[in-house]
Amino acid sequence: MTRSPVKVLYIDDEENNLIAFKASFRRQYEIYTANSAAEGLKVLENLPIEVIIADQKMPQTTGVEFFKSITTTFPDPVRILLTGYTDISALADAINHGDIYRYITKPWNDLELHNSIKNAHDAYRSKIDLRNKIKELEKTNDELNRFIYSISHELRAPLVSVIGIVNLVKMEGLYHSSGEYWELIESCSSKLDYYIQKTLQYYKNNKNVTDKSEIDFKQLVDEIIELYAYSYKDTTFNININQAQKFIGDSFRIEVILGNLISNAIKYQKTSNKEKTVEISIEVNKFSAEILIKDNGLGILNEHLEKIFTQFFKSKNNQGSGLGLFIVKEALNKINGKISVSSDLDYGTTFKITIPNAT
Amino acid sequence: MVPLSKLLFQMPLKLKRPIRVMLIDDNTIDLKINSKIIGITKLFDDIILCQSGEEAIAYFLANEKERERLPHLILLDIQMPEMDGFEFLDNYKLLPEELKDNTRIAMLSSTLDFGDIRRAEANPYVIKLLKKPLYPAQLQAVFTSCFIIKE
């Protein structure tokens, strides 16, 4: 692709300089000239100028004054200041307020000026490219947001209807009327729903917004247990929450972390275990919340311990999605939390978490 | 702080049977499923089905003179074409006060969107956001918190 030549505006009150500039550069650039700041402004208003060169010493408006006057109206063109004498204060002013890219002394050296214009134009291009890229990204991000919103509605709504129908089948005593088919439909739908929910959690966690709200751990843990213990009525919970301090943190991420860990502790149990217990203790102090979640369930193989936080890692024996602990780890990363795990196969697993208190 | 209006619209109602519930949902399958669930709970004597917010508002206006036909509880879906659940609430707000005196509203949706959940919690008319699928126990809890039945 050949680009049209760079559009350069040169403002100088000395006619001879304008002529000399045109003579030297007309082959390389598309040149517009003006003999005063006011004339220069007219050109700017009508043409997409990319590089502006202005002489400092002009009657009425100086080069720096001109550059200052257009910082908000024409922020994009890159500016080069020409001056015949070394005026330190004008120079400082130019750099500080006029957003000047280069400063060149008169009489100019053709090669130096040419290089400056070339570099100035590169700077102009990258500024514009960056802005376009940002616009594009904002658009993509916006589309992604809407896509996620529609997944959570359009994809999940009919699935939830299916789960509702299976519930009705149960309530009407028809669950065992077709062999195990209803049971299979139920297990497939709840698995799919689980994936949708985890995907949304992962996506929301990836966004960089962190909220700071007050967290009542007792209430949060109660809600989570009510939610997940619903279909596991035979689990005993030993809850010990010591929160005398106010705790400020990211409520969505903390809920995701505790939700995933507590539901794992409930789910991964041995069917033979007569005393299924989950122990949750939380200590809140000025600096952090120290959380311990301990179960007496299946436990984790030693060689798997390092891999459980990686995406899509599943052990052969369990019906996991390979997402839960990965999301826990990601969410903890976002809020500067820490996690450690210890486990004995067949005796249970303990997770220890530290979440900083933002008070 | 809970705003006063929220407290006002959430006070339990003293009612005599028959008690009516209105379902607003564009999805006919969900209307069917939730009618069945409501039937199983035996909490309500009559079910009014509306396939859109517009239809529900029209029902209120049409029964201005026969208030005994108005619902005591509305179960309101969020995602609906044209008038969604929140727009319904905006329109409902404009109805004459005396038509709303004996009605409580719960939202019933499969949404997981935080924005939706916050908006539902913030709306003074909404006593609870119920999650689909609806379970009889949840409906029972809403019923108990909303109504005191006079024999």
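The model is predicted, so to speak of local features I need pLDDT of at least 70, and side-chain atom pairs count only at pLDDT 80 or more, while totals for chains, interfaces and linings use all residues. Residues are numbered from 1 along each chain as its sequence is written, and chains are lettered from A and ligands numbered from 1 in the order in which they are written.

**Entry: the sheet**

I looked up the strands around that pair. Strand E3 (residues 51-55) and strand E4 (residues 78-83), both of chain A, pair in the parallel sense over five bridges. Strands here are DSSP runs of E with at least two residues, helices are runs of H or I with at least four, and both are numbered from the N terminus. Two strands count as paired if DSSP finds at least two bridges between them.

What is the order of the strands in the open sheet of chain A? I read it as E2-E1-E3-E4-E5, five strands with parallel pairing. At the edges I found strand E2 (30-34) and strand E5 (100-105) of chain A, each pairing on one side only. The twist averages 20° from one strand to the next. For angles, axes are lines fitted to C-alpha atoms (for helices over the stretch in contact), and values run from 0 to 180 degrees between N-to-C directions.

**Entry: helices across the sheet**

Next I checked what lies across these strands. Helix H2 (residues 37-46) of chain A lies across strand E1 (7-11) and E2, running at about 165° to E1(A). Helix H5 (residues 110-171) of chain A lies across E1, E3, E4 and E5, at about 175° to E5(A). Contact means that two residues have C-beta atoms, placed from the backbone, within 7 Å.

**Entry: cis peptide bonds**

The peptide bond from A:Lys106 to A:Pro107 is cis, with omega near -5°. In chain B, a cis peptide bond joins B:Arg17 and B:Pro18, with omega about 5°. B:Pro18 sits in the loop between strand E1 (13-16) and strand E2 (20-24) of chain B.

**Entry: positive phi**

A:Asn336 is not a glycine, yet its phi is positive, near 60°. I placed A:Asn336 in the loop between helix H9 (324-334) and strand E11 (338-344) of chain A. Is A:Asn336 buried or exposed? A:Asn336 is exposed, with 12 other C-beta atoms within 10 Å. Exposed means 12 or fewer such atoms, buried 20 or more, and partly exposed in between, with C-beta atoms placed from the backbone.
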